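Please keep the sequence and the structure in view while reading.

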Amino acid sequence: MKAMEEKILSDGKILPGQILKVGGFLNQQTDIKFMVEAAKEVARLYEGTKITKVLTIEASGISFSTLVAEQLGVDLVVIKKHASANISGDVYTAEIYSYTHKNSYVATVSKDYINEGDKILFCDDFLACGNAIKGVQKILTTAGAELVGCAIAIEKGFQHGGDTLRSEGIRVESLAIVESMTDDAIVFRK
Ligand code: G4P
């Protein structure tokens, strides 16, 4: 999506450690007008796939995922990063290691919200190494639900998670793929 690349170039900042700061439109603050267009693009890409639910992991992908779910006319399920008193009863869990944050967490979601036969679109703000999606895939397999594909606002192509997932047959649609980032240039995959 050309507009996502242009937005990253105009609003993004590169921080040490190959971190792209996009808090002004995607994370901490959501540019609703722009992100609605991004969500419409996701809905266009997944047209005809009969998705029944959008799924994300808390926290920073929630606003984007909400807009995508609205465009698709389905509900959004948010996986928690830790067990909480708010989640009662039976849960699905998967341990996920975050390369970016250098820690592991137990992704947890109530069994009430993912049903056998559900056709799931996983949505997130960033895709780096792909570990979150592997954890989600494990949960969906256990639940008997299908991962139709993934919709990512920004993929960090140089961390190769998306390439690995695609080579395993998972559909990954990223609105922008950053191939490289240096202090003075961001290069996108063509
Ligand atoms: P992976 O699932 O693809 O393996 O990715 P990894 O854990 O390494 O990184 C994903 C997490 O790190 C996400 O946060 C994502 O938002 C954040 N992240 C990764 N690279 C960047 C970046 O360049 N810029 C920004 N702003 N964030 C980045 P999270 O674990 O979902 O935590 P939360 O912030 O949503 O709570």
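## The sheet

Strands β8 and β9 run parallel and are joined by six bridges; two strands pair if DSSP finds at least two bridges between them. Across this pairing, Ala151 stands opposite Glu173 in β9. Helices (H or I, at least four residues) and strands (E, at least two) are DSSP runs, numbered from the N terminus.

The open sheet to which they belong has six strands in the order β4-β3-β7-β8-β9-β10, with mixed pairing. Because β4 and β10 stand at the edges with a single partner strand each, one side of each is left without a neighbour in the sheet. From one strand to the next, the twist averages 30°.

## Basis of the model

The model is predicted: local features need pLDDT of at least 70 and side-chain atom pairs count only at pLDDT 80 or more, while totals for chains, interfaces and linings use all residues. Residues are numbered from 1 along each chain as its sequence is written, and side-chain values use heavy atoms, leaving out hydrogens and water.

Helix α3 spans residues 62-72, and its residues Phe64, Ser65, Leu67, Val68 and Ala69 are buried. Buried means under 20% relative accessible area, exposed over 50%, and partly exposed in between (1.4 Å probe, protein chains only). The cover over these buried residues includes α2 (32-45) and β3 (53-57). After α3 comes Gly73, whose phi is positive, near 75°.

Beyond its neighbours within four places in sequence, Phe64 is in contact with residues including Met35, Val42, Cys123, Ala151 and Leu175; contact means heavy atoms within 4.5 Å.

## The nonpolar cores

A nonpolar core is a set of buried Ala, Val, Leu, Ile, Met, Phe, Trp, Tyr and Cys residues joined through side-chain atoms within 4.5 Å. The largest has 31 residues, and Met4, Ile8, Met35 and Phe64 have the most contacts inside it. Helix α2 gives the most to this core, with five residues. A second, separate core of 26 residues includes Leu55, Ile79, Tyr105 and Leu127.

## Aromatic rings

Which arrangement do the rings of Phe25 and Phe34 adopt? Their centres are 5.7 Å apart and their planes are at 85°, so the pair is edge-to-face. Rings of Phe, Tyr and Trp (its six-membered ring) pair if their centres lie within 6.5 Å; planes under 30 degrees apart count as stacked, over 60 as edge-to-face and the rest as tilted. Phe25 counts as buried because its relative accessibility is 0%.

Notes
Axes are lines fitted to C-alpha atoms, for helices over the stretch in contact, and angles run from 0 to 180 degrees between N-to-C directions.
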